[in-house]
Amino acid sequence: MAKKTGSGKRETGSGTAVVGNGRARAVQAADPASIRPPSARTRPSPGSRPSAGLTRAQKLDLYYWMRLTRSLEERLVALYRQTKVVGGLFRSLGQEADAVGSAYALERRDILSPLIRNLGSMLVKGATPLEILRQYMAKGDSPTRGRELNIHFGDTDRGFIGQISPLGDMVPVMAGVTMTFKMRRQDRVGLVYVGDGATSTGAFHEGINFAAVQRLPLVVIVENNGYAYSTPIEKQTAATQFVDKAIGYGIPGAQADGNDVLAVYDVTKAAVDRARAGGGVTLVELMTYRRKGHAEHDNQSYVPAGEIERWAAENDPLDRYVVVMREQLGATDEEIAAIDARVVAEVDAATDEAEKSLPPQALDALVGVYADPPAERPLWFREGADRAVDVNERAEGWGTWQSPRTGSA
Amino acid sequence: MGEITYLEALREGLVEEMERDENVFCMGEDIGAYGGAFKVTDGLLDRFGESRVVDTPISEIGIVGAAAGAGHMGMRPVVEMQFIDFIANAYDILTNYVATARYRAFLPCPMVVRGPSGGYVRGGPFHSQNPEAGFIHTPGLKVVYPATAEDAKGLMKSAIRDDDCVLFFEHKYLYRRIKGAMPEGDHVVPIGKARLAREGRDVSVITYAATVWKALEAAEQVEKEDGLSVEVLDLRTLAPLDDEAIFTTVRKTNRVLVLHEDTRTGGIAGEITARINESCFEWLDAPVLRVTAHDIPLPYAPQLEDFVLPQTSDIVRAVRRLAAY
């Protein structure tokens, strides 16, 4: 597979590369050499980064959310193999920093719309492992009462709106959410995730363009993980990089190393702050890599040999952050192990609880399409044959028809 | 009180609801400064300002999606499709996102998508369509299509107040041809209730929108020429269908014609016929007949359009055929 390779000199130090200044380099997400930890030379002084404002506890928190995402998904794999997950299973392995770091840049009152690899974003926003497990296991007390799959659910109070499968559709929806913030003069920001594939859709284009024209407080994050199902990015776009699309919409664009959780936080926080200050939409491209298939069934036969292994060995977001925690936060092995143990205990407890939940009642399937229940008789054909005749029977004495009941004409 | 046109009635409904509820706002292409392609929103910008009368880019997906998002947050957006033909661009977001939102995610989408629909106006293939059938087929959407000025206003007010998405089809042939006197006060017409446009004994014509008026013309003609008494049921709402009103007229006349301007195959007449078959089979004295447009894209030339769309003479012929059973 022909690859445009990055120079490796990409300015990941600040975590961002602003479009249009000629400094941003072509980067292919599917080339691990292009995504490197920031070199000492390009790393800016800590004071210039929004993440410098995070406390040590908050920085350890970032690790907790990433670890929780990964451990919860690993538990789901086990449940999937036991056939307790009744549908497909979608992993975000290797993308945890991108999800967690970006969501962490929002305030509680802000609203995001996740994609299928944003379990971490939802957890940060208050979704619980128990909800996720019940949802995957199609339980009656799942957040959608068994109606929707995987992480397709939301809660506007906690600040996340459930996605749908047609990609790009959440961009116009979040334009409407943030339009409301603006109309009501609320100090709130929206964030919407799309993948590299969704940027090719009409919905993405119409949504981001409308939001840009209206100067809505919206951050659009393009998670470039190299593949849309099996389609590599060079079959998705002729653009050198997705962040370049910002120019066409007349909005600022920024690019960051999606596997560096602090860089993700930095670039998102800057965009969120701009939106909050009335600066409108920002397009953020996060460079990451999808280490698992589109879903658990996907054997990734289309991925060049060695690519996944290299990313796992050289560019795992958790491994990288453990180094940062040790070197910059002075985190001890015991501290990190304690977070890991807490995560395992939480996932264990949630699994035990979720297993107890019952499946939905079949009749609940008919409820709640509209605010008001419809007057129609649903599934009438399951009613008894005698009753159907009784209900529909023509009055006796009509025409030549003879009732089988009475024998009268 | 004087009479106003169907179009003015629509505007009156919009204005009254925007005054009543500050969460109501309008979005669409050329609806602000220009007042809309047909001037339905004329004057609204001056009255309510740019934040509540929003001129948008040419983006049916974008503005319908944005309406859904605003609806989730408690707003009541009214989105104009410049011509209802363009609603096809928003088909995905309406059917996959909006229609399912309450069921799958408990997210309300109180929104109206409205626009000029229908033919008889020499509009050609892309300014004459009646695409209601595709949306009636989608659980989660409501569809209304008024024939009178009174219903245009009353249904508009109901649609805006409804907690679900209502697709509001406006017949452009009726915009300035039909007038009515608006009832005093808060005139609201309930969604889901048909209207008996004409009482009769012999044959029922079940229809909606512009063909209601053609059915009434035909009824007058067969009354004079054949002594037949034709009942005309104006559905007004296409989803949810008013089964009770349909079955009542079937049981009364035992002979039914379902009439619509939309094309035949997969049109709503088939659905209505099936419901009558299921629930009123014993009450029929004749097969349920359909008069619809032919299954072709709508052509431009008057000689072609008039040939394709249902005309009064088609209805007269079908009513006579039913009466002959």
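These legends accompany close-up views of a predicted model.

**Figure 1. An overview of chain A.** Let us start with the whole of this chain before moving in. Chain A is built with twelve helices and seven strands. Of its 409 residues, 47% are buried. Among the contacts in chain A with a separation of 6 or more, 76% join residues 24 or more positions apart.

**Figure 2. Where chain B touches chain A.** On one side of this interface are 36 residues of chain B, and on the other are 38 residues of chain A. Three elements of chain B each give two or more residues to the side that touches chain A: helix 3 (60-72), helix 4 (91-105) and helix 9 (268-280). Helix 3 of chain B gives the most, with ten residues. By residue type, the side of chain B that touches chain A divides into 19 nonpolar, ten polar and seven charged residues.

**Figure 3. Helix 1 of chain B alongside helix 6 of chain B.** Two packed helices are described by the angle between their axes and the distance between the axes. Here, the axes of helix 1 (residues 6-20) and helix 6 (residues 149-161) of chain B come within 8 Å and cross at roughly 25 degrees. With that angle under 35 degrees, helix 1 of chain B is roughly parallel to helix 6 of chain B. The crossing of these two helices of chain B is right-handed.

**Figure 4. The residues that join helix 1 and helix 6 of chain B.** For a friendly look at the side chains, begin with helix 1 of chain B, which brings B:Tyr6, B:Ala9, B:Leu10, B:Glu12, B:Gly13, B:Leu14, B:Glu16 and B:Glu17 to the contact. Helix 6 of chain B meets them with B:Ala149, B:Ala152, B:Lys153, B:Met156, B:Lys157 and B:Ile160. The residues of this contact between helix 1 and helix 6 of chain B comprise eight nonpolar, one polar and five charged.

**Figure 5. The buried face of helix 8 of chain B.** In helix 8 (residues 243-253) of chain B, the buried residues are B:Ala245, B:Ile246, B:Thr249, B:Val250 and B:Thr253. Seen down the axis of helix 8 of chain B, these residues fall within an arc of 135 degrees, so they line one face of the helix. The cover over the buried residues of helix 8 of chain B includes strand 10 (203-207), strand 11 (230-234), strand 13 (256-263) and helix 9 of chain B.

Methods. Residues numbered from 1 in each chain as written. Chains lettered and ligands numbered in written order. Predicted model: local features only at pLDDT ≥ 70, side-chain atom pairs only at ≥ 80, totals over all residues. Helix = DSSP H or I, 4+ residues; strand = E, 2+ residues; numbered from the N terminus. Buried ≥ 20, exposed ≤ 12 C-beta atoms within 10 Å, placed from the backbone. Contact = placed C-beta atoms within 7 Å. Axes fitted to C-alpha atoms, helices over the stretch in contact; angles between N-to-C directions. Parallel < 35°, antiparallel > 145°, perpendicular 65-115°, else oblique. Left-handed = near helix turned anticlockwise from the far one by under 90°. Nonpolar A, V, L, I, M, F, W, Y, C, P; charged D, E, K, R; others polar. Arc of directions from axis to C-beta.
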